[in-house]
Structure formats: C-alpha cells, structure tokens
Protein chains: 2
Amino acid sequence: MCTGRGAMSEQIKRATISDVALHAGVSRAAVSKVLRGAYGVSGTMKARVEASMVALGYRPSALARGMRGSSFTLGVFVVDLQNTFMSVLIEGIRAEAEVSGYQVFIGEASRGLSQQRQMIEAMLDRKMDGLLLIAPFGTAGDLEEIGRATPTVVLGRHGPGQSYDTVASDDMAGSALIVDHLAALGHRRIAHLKHVGRENNEDGMPQVVRAQGYIDAMVRNGLEPEVDVIEGRWHQAGGQHASELMLQRPHPPTAVHAGTDMAALGVLAGLYEAGISVPGDFSVVGYDNVFAASLPQVALTSVDQSGVEMGSMAARLLVERIQGRREPVSTVVAPSLVVRRTTGPAPAGPTRN
Amino acid sequence: MCTGRGAMSEQIKRATISDVALHAGVSRAAVSKVLRGAYGVSGTMKARVEASMVALGYRPSALARGMRGSSFTLGVFVVDLQNTFMSVLIEGIRAEAEVSGYQVFIGEASRGLSQQRQMIEAMLDRKMDGLLLIAPFGTAGDLEEIGRATPTVVLGRHGPGQSYDTVASDDMAGSALIVDHLAALGHRRIAHLKHVGRENNEDGMPQVVRAQGYIDAMVRNGLEPEVDVIEGRWHQAGGQHASELMLQRPHPPTAVHAGTDMAALGVLAGLYEAGISVPGDFSVVGYDNVFAASLPQVALTSVDQSGVEMGSMAARLLVERIQGRREPVSTVVAPSLVVRRTTGPAPAGPTRN
DNA sequence: GGAAAATTGTAGACTGATCTACGAAAATCC
DNA sequence: GGATTTTCGTAGATCAGTCTACAATTTTCC
C-alpha cells in the first residue's frame with residue numbers, strides 16, 4: 001500500500017473519542033457527554049476534556065454519531081441545478097441550517113422519477129436527519145411515503161400533505177398579478193404556457209395552480225372568451241416552440257404568461273428570430289425572476305418568489321419537524337411582480353376583439 | 001414520542017443485515033459477503049440471500065458501511081452555485097460517478113475561506129471517499145493538506161499538486177483564442193479584466209494564467225504597447241464597474257477580454273446603460289460559455305471549456321486515486337471559441353496609434 | 001487413499017460514536 | 001446524623017455494517 005517514497009505521504013490518523021479520553025484521563029462516555037452538552041459533567045472535567053480536544057485537533061466523526069444519534073445533515077434534493085432559482089432557495093436553506101448546526105448537502109437528479117428515487121434513497125441510506133425536496137417529481141403518494149420515512153419538507157408544491165410540510169409560492173396570486181398587469185396595459189388576447197410533464201400526477205404542482213390562477217384572473221377581467229392555454233414544457237426549447245405555435249394562429253395573442261422564466265426566455269428567443277418587437281408587438285412575462293431576467297439586454301418582466309425567504313422558511317419547518325412536530329404545516333409565500341421592459345401597452349389593432 | 005393519532009404514522013423500521021441473515025438462515029458475515037461480492041460464497045447461498053434481500057426490501061446503510069469500509073460517496077465542493085458553469089461540470093461528474101457506483105453530494109460555500117474549510121471538514125467528517133474541489137479558495141498548501149487527508153481532485157486550478165490531481169481548461173490557449181480573434185477583427189486596444197481575490201495566494205488560479213495568456217498573445221500580435229490589464233472582480237458588478245473605468249480613459253479600448261462570462265455580462269450591462277453599441281463601437285468576449293451567453297438577446301462571444309468532459313475527466317481521476325494511485329496527474333483541456341454577436345470589426349477610428 | 005489445497009461458512013473483534021443503568025460521592029432534608 | 005436526593009462519572013450494550021481468523025468440508029494431486 002505504502003510506496004517507497006518516504007514517510008512524507010503518511011496518512012495522518014484522525015483522533016477519535018478514545019484518544020481524547022486517554023489524553024484527558026477520563027472515560028469515553030465523559031467525552032461524549034461534553035460533546036453533546038449532556039447532563040452530568042462538572043466544570044472542571046468539561047474544561048479538561050475541551051483542552052484535550054483542542055490539543056489533539058479532534059473532530060467527531062459525523063458518520064459514527066449518525067449510527068445512534070443524528071447525523072446533523074440535511075439533504076436538499078434538486079431536480080435541476082441549471083435553474084438558478086434553485087441556488088437562491090439553497091442560499092436561504094443554508095443560512096437557516098447553519099444557525100441550527102446542520103450541514104446541508106445537495107443531491108441532483110435531473111433524469112426523471114427513477115433517478116430521483118435513487119437519490120432520495122441514497123440520502124436515507126446516509127441517515128440524513130431531514131430532507132428538503134425542491135419541486136420533486138412523483139405523486140403526492142410518493143411524497144407521503146418519503147415523509148413517513150424521514151422528516152420532509154417539500155418546496156414548490158402546494159400542500160397540504162399528511163406526513164410532510166410544504167412551502168410554495170402563492171401561484172394563484174402570481175398568475176393574478178401577471179394577468180392584471182397585462183390587462184391594465186390593454187391586452188386582451190393573453191395566452192398562457194402550461195407545463196405538461198411526462199407523468200400525469202400533477203396534484204399541487206405549480207403548473208396546475210398557475211394555470212388555474214390564469215383562468216380565474218382572465219374571467220375576473222372579463223376576458224373569459226380569450227382564455228388560451230398552450231400546453232408544452234417549461235424550459236427554453238419549450239418556450240421557443242410555443243412562440244412558433246402562437247405566431248401561427250390566425251389571430252395571435254399580444255401577450256403571454258409564460259409560466260416560468262426559462263420558458264419566457266425561449267419565447268423571447270423565438271420572437272427575436274421571427275423579428276417581432278418586444279414589447280412593441282408582443283409582451284412577455286416570466287415567473288421566478290432568475291438572474292438572466294435581470295440582464296438589461298433581457299429585462300424580462302417576471303414574478304419574484306423571494307426565494308431566500310422560502311428557503312429559510314422551509315429549513316425552519318424541517319428543523320421543527322426533526323425536533324418532533326407531527327402536524328403538517330403548509331405555507332404559502334406571497335409573490336410580487338417585477339415590471340421590466342418586456343411588457344408594454346397592447347399594440348393598437350382592431351379595437352373590437 | 002408517539003402521539004395519540006393512531007397507528008398509521010408508525011415509522012417503518014428498515015431491514016438490517018441481521019434481518020436478512022435471519023430470514024435467509026445464514027450468518028451476518030455471509031450476507032455481508034454477498035453484499036460486497038467477496039470471495040467465499042456459493043451460488044446457492046448467493047441466490048438465497050439475494051432473495052431474502054428483495055423480500056425484505058433491504059438496503060444497506062451507507063453510514064454503517066462507511067464506518068469500516070468505504071462510504072461510496074463523493075463530495076463536490078462548489079464555491080458558487082449561481083454560476084451555471086458549475087452545474088455543467090457537475091453533470092459530467094455525476095455521469096461518471098454513476099458508472100463507478102458512487103453517489104455524489106454537493107456542498108456549497110460562497111462566503112470565503114473559513115466557510116470553505118468548514119464545508120470540507122464536514123465532508124471529511126462524513127468519511128466521503130473522495131473530494132472534487134471546483135475552483136476552491138486557498139493556497140496550494142491548503143490544497144496539499146486536503147489531498148493528504150483524502151483523495152482529491154481540483155477543478156479549475158492549474159497544477160501540478162503533490163497530493164492531488166488537477167483538471168483545468170488551457171487558459172493560456174483560451175486567452176490566445178480571444179486575442180487572436182479580436183486582433184484579426186482589427187482591434188488594437190484590447191483590454192483584459194483580471195480578477196483579484198481577497199487573499200493573495202493565486203498560484204495556478206485561472207485569473208493568473210488567463211492574464212499571462214492575454215499578455216503573451218498581445219505581444220505575439222505586436223500589440224505589446226496596448227496591453228491594458230484592469231484589476232477587479234469576476235462577477236457581474238465587477239464587470240459593470242470595469243466598463244465604467246474603461247470608458248473614462250482618455251483613449252478607451254475598443255474590445256475587452258472580460259475573463260469570465262459573468263464579468264462580460266456586467267460589461268455589457270454597463271455599455272448598454274452608457275449607450276455604447278456592441279459590437280459596433282465595442283467588442284466583448286467572455287469565458288465559460290454559460291447559459292445566459294447563448295440567449296439571442298445577449299449572444300456573447302465566449303470561450304467554451306466543454307464542462308461535461310472536464311467533469312467526467314475529474315471524476316475518473318478521482319476514482320483512480322481512490323483505488324490507490326499516488327502519482328499526481330495534471331490535465332489540461334483544450335478550449336474553443338464560440339463566436340456570437342458581441343464581437344465585430346474594430347470601429348473605424350484614427351488609424352495611427 | 002492420504003496429504004495438500006481450495007472452497008464455503010461462521011464467530012467475533014472492530015469502526016466511533018451514543019445512551020442506559022448503575023455506583024460512588026457530595027449535598028440537602030428533617 | 002442518618003436517610004434521601006442530587007451530582008458526577010464509568011461500564012458496557014448498541015447502532016449496522018466490515019473483515020480477519022479459523023473450522024469444517026470438499027476437491028485436487030500424486
């Protein structure tokens with residue numbers, strides 16, 4: 001194993017709890033008590049043990065601690081790291097987890113339900129104390145099962161669940177903000193891109209709620225006859241494809257609620273290539289307020305979900321759940337509209353419809 | 001602990017190796033052998049044990065396995081998840097790790113060296129089998145120490161290291177591609193944004209190599225007198241600030257090698273606000289070829305580092321190292337230039353100079 | 001056909017912590 | 001001042017696996 005290169009590449013063995021006990025002249029149990037801040041330690045002993053810990057550069061093995069107690073680890077499950085909104089959520093999670101003494105590890109699974117299941121099992125295999133699932137695939141039943149196995153908070157899906165908590169943006173209100181904004185600008189033919197996944201288990205998924213919110217708001221604005229839901233996929237290519245569909249209509253819409261910034265960026269790309277002026281001829285609204293939306297060349301009007309707060313809220317709920325809460329909590333965070341330069345007055349056209 | 005809500009919320013206990021042994025009527029050691037594919041198992045017993053595993057829905061605890069053997073976990077350390085280039089690298093890592101049977105967990109630490117150290121210690125505490133550090137902070141000495149503690153591959157820093165492997169883009173060649181491209185377009189006053197971090201331990205950091213590559217290429221193109229290195233930070237705000245600095249010059253450059261796409265996006269934002277036309281009056285080149293660069297509204301000319309290959313290469317090296325390799329390997333991946341619409345012919349101006 | 005070698009399975013120590021049970025010493029009570 | 005309670009510390013089981021040493025077979029060899 002050890003090559004003949006001399007002693008410099010020796011692996012330095014980590015100090016264990018036994019080493020500390022030996023060094024301090026106490027029992028392993030005593031060191032463990034100091035470590036956990038448990039009852040039954042005198043000030044003298046505590047000081048002595050802590051001095052030994054420092055002297056030996058001791059750090060407890062999270063692995064071994066996890067065997068009996070908790071592993072002080074939270075698992076964040078993410079479907080797509082490319083979406084920068086995820087990292088905003090994660091920032092909120094991390095900040096909150098830090099104050100509670102938990103480490104956060106992120107696992108990604110972009111390729112569907114089976115990969116997701118594998119990733120979550122991997123987290124359970126490592127006895128993570130709690131799971132944060134960001135916009136996971138699967139039915140509510142799948143999530144219930146996970147929630148029964150370990151403390152779980154689901155981000156980005158509307159609850160309530162039986163065995164897990166949820167934190168979501170108020171997608172109903174978000175859609176209303178968008179439609180009202182466009183209607184106030186004089187738009188009537190306002191389309192909506194609805195995401196349709198491969199599996200059809202869409203209970204509580206944002207796409208369902210946003211679509212419903214869109215329809216409700218259209219009705220409320222007296223635009224029921226103009227309701228126009230285009231089904232597709234919420235990524236850039238999906239948005240680009242949708243823009244082609246819209247332009248092919250005999251009577252194309254003048255504005256679109258794209259459902260997601262990624263899709264909105266695709267729509268903008270499609271319109272750009274078709275030579276349609278934004279917002280002169282067409283207004284586009286996204287959802288998530290990702291980084292790219294704020295670029296001045298893009299200046300996408302979008303709905304902001306205050307991701308950092310959602311993240312820290314979720315982490316807080318998770319810690320509560322780890323500490324024993326059983327009643328499910330379902331939280332909704334109010335979104336806000338960020339108006340930029342992809343929305344403008346409806347183009348002057350035939351005034352009657 | 002259990003509230004009076006009935007039996008439905010019972011935690012289902014996981015099957016352990018003992019449960020499987022009991023069910024199959026063999027010893028725990030035998031089950032362990034089957035699990036590890038170790039020598040000394042008859043076909044009959046193997047089949048029987050595997051049947052029991054399936055029957056009980058058994059999954060080994062990665063935690064317990066890690067106590068003696070390996071934890072089958074790779075830790076990916078990331079400085080900034082907002083940068084979408086990271087997720088491209090991670091995709092490559094994950095794909096390669098999967099075939100070797102390792103799980104990948106990502107840890108982020110955006111707030112400097114001490115947070116980074118904490119994160120890496122957390123990974124060591126969990127006995128991860130190997131570490132992939134993406135563009136970490138710290139001196140080469142810090143990295144050597146980590147490499148001595150556990151198998152380590154560093155991404156995005158130029159090697160070689162003693163105790164760890166490196167995978168980096170050939171930043172020298174990348175800078176040359178940029179300068180040659182701009183020079184061919186007739187630009188002479190080509191500036192470069194150099195990142196300057198808080199700590200000054202920049203051995204092998206991309207900013208150093210890219211700056212040197214820029215200078216070399218300028219000299220090679222006979223533009224030595226025009227060398228113009230602007231120091232700042234490689235994020236959007238840094239780029240925006242740099243654009244102001246450049247425009248304030250008595251004799252402003254006509255093109256910039258921004259060092260990074262994030263910085264380039266900031267430069268573009270600054271130029272946009274100043275009403276400077278791109279590429280009519282000014283050409284901008286980034287580095288990384290992130291998602292936002294490909295948006296048609298942005299269309300940033302950039303250097304592509306083929307992140308997926310870099311990621312899988314790094315993972316491959318890490319697995320080799322885990323399997324016992326000691327000699328450090330230092331790899332450099334060739335970059336390529338993606339020409340889009342932020343670069344164009346140099347503006348016609350005073351021909352002398 | 002008996003010695004040597006290979007195969008197959010088990011016992012039990014070990015990993016590094018937690019945590020219950022218990023004994024000894026000190027503090028409090030009446 | 002003896003009984004009771006509290007405080008402080010230890011022994012040793014436990015978590016869920018791995019892995020070495022060894023015993024009991026079975027196979028191979030000459």
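**Where the two chains meet**

Tutor: Between chain B and chain A an area of about 5700 Å² is buried, and carbon and sulfur atoms give 55% of that area. The model is a predicted one. On the side of chain B, the residues B:Leu63, B:Arg126 and B:Gln297 supply 13% of the area that this chain buries against chain A, more than any other three residues. The contact takes 62 residues from chain B and 62 residues from chain A. Charged side chains also pair across it: the count between chain B and chain A is 8 salt bridges. A salt bridge joins the side chains of A:Arg59 and B:Glu121, with 2.4 Å from N to O.

Chain A also has a helix pair to look at. Two packed helices are described by the angle between their axes and the distance between the axes. In chain A, helix α10 covers residues 236-248 and helix α11 covers residues 261-273; their axes come within 6 Å and cross at roughly 50°. From α10(A), the contact is made by A:Gln236, A:Gly239, A:Gln240, A:Ser243, A:Met246 and A:Leu247. Those on α11(A) include A:Met262, A:Ala263, A:Leu265 and A:Glu273. Sorted by kind, the residues of the contact of α10(A) with α11(A) are 8 nonpolar, 6 polar and 1 charged.

How values were computed
Residues numbered from 1 in each chain as written. Chains lettered and ligands numbered in written order. Predicted model: local features only at pLDDT ≥ 70, side-chain atom pairs only at ≥ 80, totals over all residues. Heavy atoms only, no water. Axes fitted to C-alpha atoms, helices over the stretch in contact; angles between N-to-C directions. Helix = DSSP H or I, 4+ residues; strand = E, 2+ residues; numbered from the N terminus. Contact = heavy atoms within 4.5 Å. Nonpolar A, V, L, I, M, F, W, Y, C, P; charged D, E, K, R; others polar. Buried area = accessible area lost by both parts, 1.4 Å probe. Salt bridge = Lys/Arg side-chain N within 4 Å of Asp/Glu carboxyl O.
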